[in-house]
Amino acid sequence: MELRAGVTKQDIREKIWDYMESQNLADFPRPVHHRIPNFKGSYLACQNIKELETFARTWNIKVGPDKPLEGVRLLALQSHKTLLVPTPRLRTGLFNKIIPPPGATKDILRKCATSQGVRNYSVPVGLDSRVLVDLVVVGSVAVSEQGWRIGKGEGYADLEYAMMVSMGAVCEETPVVTVVHDGQVVDIPEALLEDHDLTVDYVLTPTRVIMTGCRRPKPKGITWCKISPEMLERIPVLRSLRHREQQAGKDVTLHGEQQHLWEAGSKHTAPPSAVQRPQDAPQPVEGSVPAACSSLHREGLPPNAAALPAATIHVSNLPAGARVSELKRALRERGATPLHLTWQGPRRPALLAFRDLAAAEQAITCLQGLRLGASTLQVELVRQLRDK
């Protein structure tokens, strides 16, 4: 599969998803867009993990929750290894340990390896458990023979690994494996990778076992400046780890807090009398944007921060299955990060507020013709506020 020059991570995801759908390479759930594809032949690919010496000497194995990794989870249980799986969406913790009932039959072990196993046959593993993970297995949307990996874009696999580093469960030498279809192995420009991106040491496909020899360092821990206050609020275990690292004297400044601190210390910060209060905000022209947008403060910044949005653009034709995280990621990858994003959900337009008209026009240029799923976004400038 050939990829054009200048591609983004999202371009590669879309290319893989479109290819697997067009070639009918996936099983349920379909369509594969916005998922780790449950590709045909995944069970066969999972069997190849038995060829890895590292699997034979593994005691504690952490395997992602994705459907195509079910075969690895089953093998771990059949081999009497300790199977750790992520707590769903990290809502209540980091790990759950799968504990099959005594005398479990093959059918019960198969259930333990599914999502049902997390619900019915697992117990949470606390941060103080001092568990040491010997092998990590993750799902991928795309991966290169060099070990560069692209997930579905939500960042959970990268975050889970970073959290394991933070709690001392893994180290640089801990092997990382991914299981994919042969068509998911593509060239990925290294320039797309960031410090928080997880790389892999082995790639398993139905026909190949690839030892990547990847020398790129894995994440050294949680990159707090990439964590939003909203994510911190959603993930309690992340708050616990942040408190620990803060107590240890580490920089735990969140995404958005740096800009707030910079603005607070800037000599250009407006005096309190000049700061525009929500009730003073200009009212939108009838027929432009919802009035509620005027009073919403920017993500990660307090409502009394000096700079208020000066221009708003309207993004429509968003696909029904799109998520706000995908839109944010697409904006970030194209250098079009807004001060504030308002989106009421699928099939509704999104409103992006920018500091000035130039930033809004640059965002329009970046987003024109952008595809999410099967939809091409439509972008237009709908409002510019005048300075008082």
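This is a predicted model: local features need pLDDT of at least 70, side-chain atom pairs count only at pLDDT 80 or more; totals for chains, interfaces and linings use all residues.

Reader: Okay, and where is Asp197, and is it buried or exposed?

Author: Asp197 sits in the loop between strand S8 (176-179) and strand S9 (202-204), where helices (H or I, at least four residues) and strands (E, at least two) are DSSP runs, numbered from the N terminus. Asp197 counts as buried because its relative accessibility is 6%; buried means under 20% relative accessible area, exposed over 50%, and partly exposed in between, with a 1.4 Å probe and protein chains only.

Reader: What is Asp197 in contact with, leaving aside neighbours within four places in sequence?

Author: With those neighbours set aside, Asp197 is in contact with Lys9, Asp158, Leu192 and Pro219, contact meaning heavy atoms within 4.5 Å.

Reader: How many salt bridges does the structure hold?

Author: The structure holds 12 salt bridges, and one of them is formed by Glu145 with Arg208, whose closest N and O atoms are 2.8 Å apart. Glu145 lies in the loop between strand S6 (142-143) and strand S7 (149-150), and Arg208 in the loop between S9 and S10, so this pair ties together parts that are 63 residues apart in sequence. Glu145 counts as partly exposed at 38% relative accessibility, and Arg208 counts as partly exposed at 33%.

Reader: And which residue does Lys220 bridge to?

Author: Lys220 forms a salt bridge with Glu172, with the closest N and O atoms 3.6 Å apart. Because Lys220 lies in the loop between S10 and H8 and Glu172 in the loop between helix H7 (156-166) and S8, the pair ties together parts that are 48 residues apart in sequence. Lys220 is exposed, with a relative accessible area of 66%, whereas Glu172 counts as partly exposed at 32% relative accessibility.

Reader: Switching topic: S8 keeps coming up, so what covers its faces?

Author: Both faces of S8 are covered, in that Val176 and Thr178 on one side and Val177 and Val179 on the other are all buried. In a regular strand the side chains alternate between the two faces of the sheet.

Reader: Which strands does S8 pair with?

Author: Strand S5 (residues 135-138) runs parallel to S8 and is joined to it by 3 bridges, and S8 also pairs with S9 in the parallel sense over 3 bridges; two strands pair if DSSP finds at least two bridges between them. Val177 in S8 is the bridge partner of Val137, and Val177 also stands opposite Tyr202 in S9.

Reader: Where does the largest nonpolar core come in, and which members touch the most others?

Author: That core has 45 residues, of which Ile12, Ile49, Ile61, Val137, Val179 and Ile188 touch the most other members. The largest share of this core, 5 residues, comes from helix H4 (residues 70-78). A nonpolar core is a set of buried Ala, Val, Leu, Ile, Met, Phe, Trp, Tyr and Cys residues joined through side-chain atoms within 4.5 Å.

Reader: Last one: which residues of H1 are buried?

Author: The buried residues of H1 are Lys9, Gln10, Ile12, Arg13, Glu14, Ile16, Trp17 and Met20. Just after H1, Asn24 takes a positive phi of about 55°.

Key: Residues are numbered from 1 along each chain as its sequence is written. Side-chain values use heavy atoms; hydrogens and water are left out. A salt bridge is a side-chain nitrogen of Lys or Arg within 4 Å of a carboxyl oxygen of Asp or Glu.
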